[in-house]
Amino acid sequence: MALRRHRLPRFWLGLTLGLVACGIGATYWWEQQLPQRLEQAARNGRLDDCLRYGEQLAALRWLGGLAPIEQGRCRRLKAAQLWQQGQWSEALRLQQQLVNSGASSSADQQTLLRWQSQLESRARERYRAGDLEGALKVLASLNAAHNAEGTALGDSLREDWNRNRWQKQRAEQLIPQKRWWEALDALNRIEHPWWKQHTQAL
């Protein structure tokens, strides 16, 4: 009985080491399969699978250092697809990941800057058209709708919008009081095209 108890720890140790070895072997085998699966997914346009394989490959390559080129290719293609679909926030996130990885090029950096510039221009156009909320929604894709310091572009647009609205409200209060010069001064301080248009009746 004592001999049997003495053998049990060895049995469990051997079993544990065997399971660990099997796990490491399976992980190594899967890592060797991933590049081919990733390449096939990219070639067939299965970009979501491509991204998933890329994330798995990056996680398994403990000593890899740089992100694999295959993963960069998937991010580039998926980001472009999302951008065309109008999913700007997600497209920018993937493009930023690509730029921050070791698989990017100067063209990828230029694409990111171009997209950011296009969104900012789109937000300003909506703002000039009188759609403040639409402008802020676009800026949210850039994480530029608001910050704690109040220095984001969205904060500036919101402040400008409120200032123009206040001048209109001030003019509306002064006109019934026949304080013409003060009302005219308030109207002249309105700079936003949309608010100017909506004060013409005054």
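Helix axes are lines fitted to C-alpha atoms over the stretch in contact, and the angles between N-to-C directions run from 0 to 180 degrees. Helices are DSSP runs (H or I, at least four residues), numbered from the N terminus.

The structure is a predicted model, in which local features need pLDDT of at least 70 and side-chain atom pairs count only at pLDDT 80 or more, while totals for chains, interfaces and linings use all residues. Residues are numbered from 1 along each chain as its sequence is written, and side-chain values use heavy atoms, with hydrogens and water left out.

**Packing of α5 and α6**

Helix α5 spans residues 106-128 and helix α6 spans residues 132-141. Their axes lie 7 Å apart and form an angle of about 170°. The two helices are therefore roughly antiparallel to each other, a term for angles over 145 degrees. On the α5 side, the contact (heavy atoms within 4.5 Å) involves Leu119, Arg122, Ala123, Arg126 and Tyr127. These residues meet Leu132, Gly134, Ala135, Val138, Leu139 and Ser141 of α6. By class, the contact comprises seven nonpolar, two polar and two charged residues. Here Ala, Val, Leu, Ile, Met, Phe, Trp, Tyr, Cys and Pro count as nonpolar, Asp, Glu, Lys and Arg as charged, and the others, Gly among them, as polar.

**Salt bridges**

Side chains of opposite charge can pair when their charged atoms come close. A salt bridge is taken as a side-chain nitrogen of Lys or Arg within 4 Å of a carboxyl oxygen of Asp or Glu. By this rule the count comes to nine salt bridges, including those tabulated here.

| Aspartate 108 | Arginine 76 | 2.8 Å |

Aspartate 108 is buried, at 4% relative accessible area, whereas arginine 76 is partly exposed, at 31%. Buried denotes under 20% relative accessible area, exposed over 50%, and partly exposed the range in between (1.4 Å probe, protein chains only).

Aspartate 160 and arginine 163 both belong to helix α7 (residues 153-174), where they are three residues apart, about one turn of the helix. Aspartate 160 is buried at 17% relative accessibility, and arginine 163 is partly exposed at 40%.

Glutamate 182 is partly exposed, with a relative accessibility of 32%. Arginine 179 is likewise partly exposed, at 34%.

Notes:
Angles under 35 degrees count as roughly parallel, over 145 as roughly antiparallel, 65 to 115 as roughly perpendicular and the rest as oblique.
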